[in-house]
Amino acid sequence: MAETTTAPRPVVATHGLWVVLPFAILCAAFLYPLFLIALQAVTGPDGALSLAQPLRVLTTPAFWRAFLNTIEIAVSASAGCVGLGLGLAILLSFVPFPGSRTAARLIETFVALPTFLVALAFTFLYGSAGILNETATTALGLAHPPVDFLYSRWGVVLAEVTVYTPFALRPLLAAFSLIDAAQIEVASSLGAKPLRILRQVILPAALPALLAGGSLCLLLTVNEFGVVLFIGAKGVITLPLMIYDKAIQEFDYPSACVVAVVNVALSLGLFSAYRLIVARIGGRHAGVV
Amino acid sequence: MLTIADRDGAASVAPSATQAAEVAGSSIDFEDVTVSYGGTVVLDRFSLSVAPGEILALIGPSGSGKTTALRAVAGFVRPASGRIRIGEQDITDIPPYARGLGMVVQNYALFPHMRVDQNVAFGLRAQNADPALIATRVGECLELVGMSSFARRYPAQLSGGQQQRVAIARALAIRPRVLLLDEPLSALDAQIRRNMVEELGRLHRDLPNLTVLYVTHDQSEALTLADRIAILRDGRLNAFGPSRSLYQAPTSRFAAEFLGRANLLPVTVSQLDADGVLARVRLGEHSLSVRCELQLAPGHGCLLCIRPHALRLADLPTGNGFRATVETALWQGDTQNVTLRVEGVALNLTVSPSQAMPERGSAVWVDFAPHEATLIADEPAHG
Ligand SMILES: Nc1ncnc2c1ncn2[C@@H]1O[C@H](COP(=O)(O)OP(=O)(O)O)[C@@H](O)[C@H]1O
Ligand SMILES: [Mg+2]
């Protein structure tokens with residue numbers, strides 16, 4: 001009897017076509033260029049395959065500085081995004097104040113703006129000839145601009161936090177809006193004060209969104225180019241910036257390709273780590289939607 | 001928590017029941033409570049006293065303000081005026097987390113990422129109770145609702161009825177002064193709902209000191225469980241009294257119709273008994289005797305209220321009856337429903353299924369015992 005209830009087999013021909021077409025487009029548009037870059041990275045001057053080029057690039061101190069800079073800035077900026085996003089999401093979702101909806105909308109539209117615009121705005125605000133420093137030097141009669149954090153890695157981190165916080169905020173707002181208000185009320189009637197409710201009821205429910213937002217920020221900041229370039233902080237070279245330098249300024253395409261491969265690997269690694277964490281949490285929350 | 005002596009005694013069979021019962025229940029008093037949302041008054045000078053240890057059902061149609069009244073006790077809505085007391089304490093200005101109440105809501109609101117035992121332990125942990133006490137109490141409360149073997153499950157792995165049991169255990173674990181239930185069974189199937197009504201009744205026999213404010217729109221749950229029933233209509237207390245007497249002798253047309261099917265016949269008072277218990281009323285050409293608790297003068301128009309099962313069919317005129325025409329007769333297995341018409345008013349009557357079905361269009365005699373009917377003031381129908 002059980003066999004009779006199984007669904008009829010799908011028609012193989014059409015089923016296959018639906019997979020092949022997108023896959024072909026994916027190959028042509030994405031995987032093939034990626035393959036060319038990887039190939040370029042391991043091709044010697046004589047045209048033969050060789051590991052000499054990657055080894056030379058990967059052993060330079062400049063590469064390692066850029067690598068560490070990238071990770072440091074990405075991790076700091078992502079942590080900042082998650083922290084700020086969480087604070088804002090809690091404020092916007094659970095502390096009712098007039099105009100909180102409008103504020104949320106406004107922050108969300110930030111996502112639509114090009115990232116370097118913020119860097120530019122930062123230069124106008126905090127740059128050595130920006131409004132803040134202009135006002136300070138004329139008002140206080142100072143010889144040098146007093147605010148100069150912008151041209152350091154912290155300037156880059158701050159700009160990236162400003163740009164990418166909405167990406168952490170959005171999933172959190174969505175997750176918070178799905179939390180049953182009755183759960184919060186019941187928790188409160190059971191004697192839990194707001195902080196405990198936040199820790200034990202709200203945050204666990206928002207954890208997947210928190211991780212999703214955080215890892216999205218990490219991916220975006222690891223690959224960030226515009227903000228770093230526009231801030232132009234001295235000595236703050238990241239992997240994307242290094243690729244640009246090698247390829248466009250030094251015409252050293254093979255080295256640029258080696259760095260690019262590392263950058264892609266870093267991105268994919270982070271993405272896999274994120275999938276793993278989400279799967280783990282999914283397992284721990286057994287059966288939770 | 002158990003001493004050696006307890007262990008040896010027979011009480012160890014159900015330690016939960018005996019221990020939880022030690023906590024004395026508290027009264028709940030609404031005193032002229034008014035709640036409004038943005039200018040709309042949803043609870044209007046509402047006064048009600050729930051006695052310690054009783055189950056009081058607050059019923060009324062959807063939107064009548066039941067949930068609002070309950071949330072005012074829990075502290076989630078602030079009355080614009082009036083006070084709410086629990087026992088001797090005025091709690092109107094106390095934050096919800098300091099009120100010490102148990103609350104159970106329609107959709108259970110279990111914490112999905114916590115196991116059953118963690119859900120039940122939540123309140124005690126919030127009060128920083130001793131871990132040993134928490135473990136004992138969680139065990140007791142789960143046993144009380146028959147969920148001990150599900151302690152390590154997650155809520156999503158439980159059925160609706162099981163989730164509601166856990167929600168009740170979670171509320172009881174803090175030994176609340178009063179238990180507030182807001183339509184706790186309305187998300188369950190009819191069959192499970194009937195079982196849960198019985199279980200709630202048993203639970204209250206185990207915890208006789210627990211004061212329960214039970215909000216529902218289902219009059220049969222209220223009649224089954226509650227000692228007393230309060231009926232809300234448009235944010236006002238419409239009727240209040242012991243369940244049985246409110247059912248048998250409703251004090252308003254609204255209460256009569258909300259608590260079950262009621263026949264309401266317009267009659268005129270012709271004569272009042274000397275002792276003020278019975279009155280004689282006129283229904284068309286018939287003179288009937290009926291219980292009367294209203295202050296009425298002869299000549300006054302009012303409604304004769306009588307439940308369908310209190311009416312009897314008769315072949316011949318009897319002491320307290322009238323003549324009516326049969327409109328329909330429906331056999332429904334365990335009862336027969338007969339619709340009659342008298343003086344232009346439709347009348348429902350239920351009779352035993354074994355009784356011969358009256359013929360459509362035929363004239364029959366209907367009678368009733370005077371104390372099984374009551375007179376109520378006429379007022380516009382609800383709806
Ligand atoms: N938060 C709220 N804001 C505005 N109106 C509300 C709110 N909660 C309830 N109401 C209104 O108050 C009235 C009573 O609601 P409620 O107490 O939930 O009724 P019940 O529980 O009897 O169905 C309804 O008309 C409802 O629309
Ligand atoms: Mg309600």
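How far does a polar side-chain atom of Thr68(B) lie from an oxygen atom of ligand 1? The answer is 2.5 Å, a polar contact in the sense of a pair of N or O atoms within 3.5 Å. In this predicted model, local features need pLDDT of at least 70 and side-chain atom pairs pLDDT 80 or more, while totals for chains, interfaces and linings use all residues. Side-chain values rest on heavy atoms, without hydrogens and water, residues are numbered from 1 along each chain as written, and chains are lettered from A and ligands numbered from 1 in written order.

On its own, ligand 1 has 550 Å² of accessible area (Shrake-Rupley method, 1.4 Å probe), and the protein covers 54% of that.

The shell around ligand 1 (residues with a heavy atom within 4 Å of it) also includes Tyr37(B), Val42(B) and Pro61(B). Helix α3 (residues 66–74) of chain B gives the most to this shell, with three residues; helices here are DSSP runs of H or I with at least four residues, and strands are E runs of at least two.

Arg45(B), at about 45°, belongs to strand β2 (residues 40–50) and is exposed (over 50% relative accessible area), at 56%. Ala109(B), at about 55°, is in the loop between β6 (102–104) and α4 (116–126) and is buried (under 20%), with a relative accessible area of 2%.

Conventions:
A polar contact is a pair of N or O atoms within 3.5 Å; within protein, one must be able to donate a hydrogen and the other to accept it, and residues adjacent in sequence count only if both atoms are side-chain atoms. Buried means under 20% relative accessible area, exposed over 50%, partly exposed in between (1.4 Å probe, protein chains only).
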